[in-house]
Amino acid sequence: MKLLIERSKTPDLPQHIITSLDYNMAGDSRQLLAAALASRLPSLRLTATRHMRVLLRAGVQAFDLWGIDMLLSAMSDREPTIAAEALVSFKNNFLFNCFCS
């Protein structure tokens, strides 16, 4: 499946895959998400970055151990939209935690 994400010419199928997996357990799903974040397709990287925000807000198990590094990498993406999306994810989560904790 990782090859499917890495070699896909269109983002449709990989987008459905990464948004449908369970990220609570370490393993293949997180590796596929990392592959999507490193994809050559900007639309797939953006979808993966947006999904990271969903995972962060959902309280996916051990997100602070694996997801924060992925979001930090997305902040340095060459596409400004993707970098901004990663930054917004951090900002919104910080505000959410401040007011809801």
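1. Let me start with Glu-85: is this residue buried or exposed? In this predicted model, Glu-85 has a relative accessible area of 13%, and since the cut-off for buried is under 20%, Glu-85 counts as buried. The residue belongs to helix H6, which spans residues 80-100.

2. What does Glu-85 touch, apart from its neighbours within four places in sequence? Its contacts are Leu-46, Thr-49, Arg-50 and Arg-53. With one of these, Arg-53, there is a side-chain to side-chain polar contact at 2.5 Å.

3. Next, have a look at helix H3, residues 28-37. This helix is mostly covered, with seven of its ten residues buried. Among them are Ser-29 and Arg-30, as well as Leu-32 and Leu-33; Ala-35, Ala-36 and Leu-37 are also buried.

4. How do H3 and helix H4 (residues 42-58) cross? Their axes come within 7 Å, at an angle of roughly 135 degrees, so H3 is oblique to H4. On the H3 side, the contact is made by Leu-33, Ala-36 and Leu-37. H4 contributes Leu-44, Arg-45, Ala-48, Thr-49, Met-52 and Leu-55. Sorted by class, this contact has seven nonpolar residues, one polar and one charged.

Conventions. Residues numbered from 1 in each chain as written. Predicted model: local features only at pLDDT ≥ 70, side-chain atom pairs only at ≥ 80, totals over all residues. Heavy atoms only, no water. Helix = DSSP H or I, 4+ residues; strand = E, 2+ residues; numbered from the N terminus. Buried < 20%, exposed > 50% of the residue type's maximum accessible area, 1.4 Å probe, protein only. Contact = heavy atoms within 4.5 Å. Polar contact = N/O pair within 3.5 Å; in protein donor to acceptor, adjacent residues only side chain to side chain. Axes fitted to C-alpha atoms, helices over the stretch in contact; angles between N-to-C directions. Parallel < 35°, antiparallel > 145°, perpendicular 65-115°, else oblique. Nonpolar A, V, L, I, M, F, W, Y, C, P; charged D, E, K, R; others polar.
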